[in-house]
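Please read the points below beside the sequence and the coordinates. They are arranged by region, so that each can be checked in turn.

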Amino acid sequence: MRTTSKVLVLVALLALAACRREHRAQPKVQANAEKAGAQTLTYESQWLDGSKFDLAREKGNVVLLNVWATWCGPCRFEIPELDKLHAQYASRGFKVIGVSIDEGGASDVKPFLKDQKVSYPIAVDPEGKLATMLKTTVIPTSVLIDRGGKIVWKHFGIVSTGDESLTKALEAALGQSGRPPLS
C-alpha cells in the first residue's frame with residue numbers, strides 16, 4: 001500500500017511540474033509571422049441571446065478573440081485587463097469578444113457576467129470548437145485578428161495591457177487601412 005501511495009505522489013508531482021513548465025512557457029508564445037499572417041479564421045457560434053455570431057461579419061474591425069470559461073481562475077483574473085483594452089481601443093475599430101467554452105452554455109455564463117460586469121460581447125461555444133480550431137487546451141487563449149480577418153498574434157495564458165508584443169501587434173493591426181468609416 002505504501003509503494004502505491006509513493007508512486008501516486010510521484011506521478012502527481014511529475015504532472016504538476018510538467019504543467020508548471022508548460023504554463024511558464026505559454027504566455028510568451030505567439031504565432032510566428034508565417035502562421036499568424038497566413039491563417040484566416042472562419043468561425044461561427046452564438047451570442048448569449050441565441051443569435052448567430054459570425055466572425056466574418058467583423059471584417060474591417062480588429063478583434064481580440066478570447067477563449068475562456070467561468071470556472072477558470074486565470075480567465076477571471078484577466079477580465080479587467082480585457083475590459084481596459086476594449087474601452088481603450090474601441091473608438092479605433094477594436095473589439096474584444098469573449099468566447100465561453102462553459103458546457104452549460106449561456107445559462108452558465110449569464111449570471112457570471114452580470115456579477116462581473118463584463119463590458120465586451122460574449123459568445124458561447126460549449127463544444128469548444130474555437131479551442132479546437134486554435135489547437136489549444138490552455139485557457140485562456142487569445143488571438144488578435146486584423147481588419148482582413150487574419151490572425152496576427154496568439155497568446156496562451158492571461159492577457160495583460162502591459163504586454164509589449166500585444167501592444168505592438170494591436171497598434172500595427174489598428175494602423176491598417178481599409179477600415180470602414182465610423183457612423
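1. Contact in this note means heavy atoms within 4.5 Å. This is a predicted model, in which local features need pLDDT of at least 70 and side-chain atom pairs count only at pLDDT 80 or more, whereas totals for chains, interfaces and linings use all residues. Residues are numbered from 1 along each chain as its sequence is written, and side-chain values use heavy atoms, with hydrogens and water left out.

2. A nonpolar core is a set of buried Ala, Val, Leu, Ile, Met, Phe, Trp, Tyr and Cys residues joined through side-chain atoms within 4.5 Å, where buried means under 20% relative accessible area, exposed over 50%, and partly exposed in between, with a 1.4 Å probe and protein chains only. In soluble globular proteins, nonpolar side chains tend to be buried together.

3. Helix α3 covers residues 73–89; helices (H or I, at least four residues) and strands (E, at least two) are DSSP runs, numbered from the N terminus. What span should the 17 residues of α3 have, and how far apart are its end C-alpha atoms? The expected span is 1.5 Å times one less than the number of residues, so α3 should span 24 Å, and its end C-alpha atoms are 25 Å apart, which agrees.

4. The buried residues of α3 are C75, E78, I79, E81, L82, D83, L85, H86 and Y89, and they pack against β3 (62–68), β4 (94–100), α4 (106–116) and α6 (164–174). H86, one of them, counts as buried because its relative accessible area is 14%, and H86 touches F94, K95, V96, S119, Y120 and P121, not counting residues up to four places away in sequence.

5. How many disulfides does a search of the whole structure find? It finds 1, a disulfide being a pair of cysteine sulfur atoms within 2.5 Å. The sulfur atoms of C72 and C75 are 2.4 Å apart, and the link is right-handed, with 75° about the S-S bond. C72 counts as buried because its relative accessibility is 4%, and C75 is buried at 1%.

6. Strands β1 (residues 44–47) and β2 (residues 52–54) run antiparallel and are joined by 3 bridges, two strands being paired if DSSP finds at least two bridges between them. S45 stands opposite F53 in β2, and in this hairpin, with 4 residues between the strands, G50 takes a positive phi near 95°. β1 also pairs with β5 in the antiparallel sense over 2 bridges, where W47 stands opposite A123.

7. P126 lies in the loop between β5 (122–124) and α5 (129–133). Is P126 buried or partly exposed? P126 is partly exposed, because its relative accessible area is 31%. Its C-alpha atom is separated by 5.4 Å from that of G105, 21 residues away along the chain, and P126 touches S100, I101, D102, E103 and G105, not counting residues up to four places away in sequence.
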